[in-house]
Amino acid sequence: MTTTTRPASLGILERFRTLYELPVDYPIVSLNEGNTPLIPAPKLAEWAAPGLDLNLFVKFEGANPTGSFKDRGMTFAVSQAVKDGKTHIVCASTGNTSASAAAYGARAGLQTIIVLPKGKVALGKLSQAIMYGAHIIEIEGNFDEALDIVREFAALPQVAIVNSINPYRIRGQQSGAFEICQQLGSYLGVPQPPDYHFIPVGNAGNITAYWAGYQRFMEAGHISTLPKMCGYEAEGAAAIVQGKKFDHPETLATAIRIGNPASWEAAEAARDESGGWIDSVNDDEIVAGWKAAAELEGVFAEPACGASVGGLKKAAAQGKVEANSTVVCILTGQGLKDPDNAVAYGKAKKATLPADFKTICTHLNL
Ligand SMILES: Cc1ncc(COP(=O)(O)O)c(C=O)c1O
């Protein structure tokens, strides 16, 4: 069946074509990414910052086509790979980049090669890369070693590297900031950024991209203020916070288990220029934030997202967040990506009972 009508929600390159200054013949490879919900989260606000009366929203990036924010950058990186006549794309990944690269690679008809730390990728993400038909290379090493190998593919002219060291990835991910300003406009009257932007930090590409995006939106005259960028690494992988590489990064939030962030300096610039901060949260704080979003607001994200919510709770307790502020927490990926941790850490109200209505009611105190 063919259709002549255009979908209501185009991908980010179409929607922000003017801001991205794209030529009319630019070959867009899209899965209609972006346009993810910005969800008011009043109960989560009270949990994270009791008494501060925050106007809290969560930006649910799990609603992207492959279930994470990576799709915003991948549409641009893969479109550019097609424009440049590449036949292959390659990336290192803690899971989400590989899922996204494999999907957009399939869509574009390119061969996708992904290099993963063996045994360290959440099941949902691995299943995506398998299903999209990527070449999957598992190495006995961590993400940082996988990225070192991927950098060597730069010597092959037919291959495009689609990690966030590819500038098109960062440019595409700026669209998250454009959307937040527009969406806050529909809640608050005029397009505006939040006062504070909380975000998990792994390889540090996303905090870099959001900061660039807010600045770009201001340059274009759509907003007149900028948010404080508040990034949170996992304590066991807190290279930026501690000012040293972690050779053996550890955290249950596998997406941010990164010991040598590629965008380290750019993230520090985002922190300093915005007047924000980069801090760390431990796995207990991550799990608490992750579960609170699900149990209090019905938003099931993946564990790494607990870094932004847990980070907000920590910052509020430290007195770093002003009362009555507008705050956005980025929930970078979808909960179904990591079912093993959900089953392990969720508050399972699960019982096995006889097939008998009365017994079930008794169990439920009904
Ligand atoms: C779900 C999720 N959250 C956060 C991050 C960290 O983003 P960045 O590496 O851009 O700092 C990643 C990176 O893989 C991720 O997959």
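**View 1. Asn-166 touches Ala-77 and Ile-161, leaving aside residues up to four places away in sequence.** Contact here means that the C-beta atoms of two residues, placed from the backbone, lie within 7 Å. The model is predicted: local features need pLDDT of at least 70, side-chain atom pairs count only at pLDDT 80 or more, and totals for chains, interfaces and linings use all residues. Residue numbers start from 1 along each chain as its sequence is written. Asn-166 sits in the loop between strand E6 (159-161) and helix H8 (167-173). Helices (H or I, at least four residues) and strands (E, at least two) are DSSP runs numbered from the N terminus. Asn-166 counts as buried because it has 22 C-beta neighbours inside 10 Å. A residue is buried if 20 or more other C-beta atoms lie within 10 Å of its own, exposed if 12 or fewer, and partly exposed in between, with C-beta atoms placed from the backbone. From C-alpha to C-alpha, Asn-166 and Ala-106 are 19 Å apart in space and 60 residues apart in sequence.

**View 2. The ligand is surrounded by 18 residues.** The closest are Gly-202, Asn-203, Ala-255, Thr-332 and Gly-333. Helix H5 (96-108) and helix H10 (205-219) are the elements that give two or more residues to this shell. By class, the shell has six nonpolar, eleven polar and one charged residue. Ala, Val, Leu, Ile, Met, Phe, Trp, Tyr, Cys and Pro count as nonpolar, Asp, Glu, Lys and Arg as charged, and the others, Gly among them, as polar. The ligand lies between domain 1 (12-65 + 170-345) and domain 2 (70-167), because both give residues to the shell.

**View 3. Domain 1 and domain 2 meet through 36 residues of domain 1 in contact with 30 residues of domain 2.** On the side of domain 1 that touches domain 2, the elements giving two or more residues are helix H1 (12-15), H8, helix H9 (175-188) and helix H15 (339-345). H8 gives the largest share of that side, four residues. This side of domain 1 has 15 nonpolar, 15 polar and six charged residues. The C-alpha centres of the two domains lie 22 Å apart. The domain bounds come from an automatic or database domain assignment.

**View 4. Six strands form an open sheet in the order E1-E2-E10-E7-E8-E9, with mixed pairing.** Strand E1 (38-40) and strand E9 (277-281) are the edge strands, each pairing on one side only. Two strands pair if DSSP finds at least two bridges between them. Strand E7 (residues 196-200) and strand E8 (residues 228-234) pair in the parallel sense over five bridges. Within this pair, Phe-198 has Cys-230 of E8 as its bridge partner.

**View 5. Strand E3 (residues 88-92) is largely enclosed by the rest of the structure, because four of its five residues are buried.** E3 pairs with strand E4 (residues 111-117) in the parallel sense over five bridges. The bridge partner of Val-90 in E4 is Ile-113.

**View 6. Asp-53 has a positive phi, near 55°, in a residue other than glycine.** Asp-53 lies in the loop between helix H3 (42-48) and strand E2 (55-60). With 13 other C-beta atoms within 10 Å, Asp-53 is partly exposed.

How values were computed
A residue is near a molecule or strand if its C-beta atom, placed from the backbone, lies within 6 Å of it.
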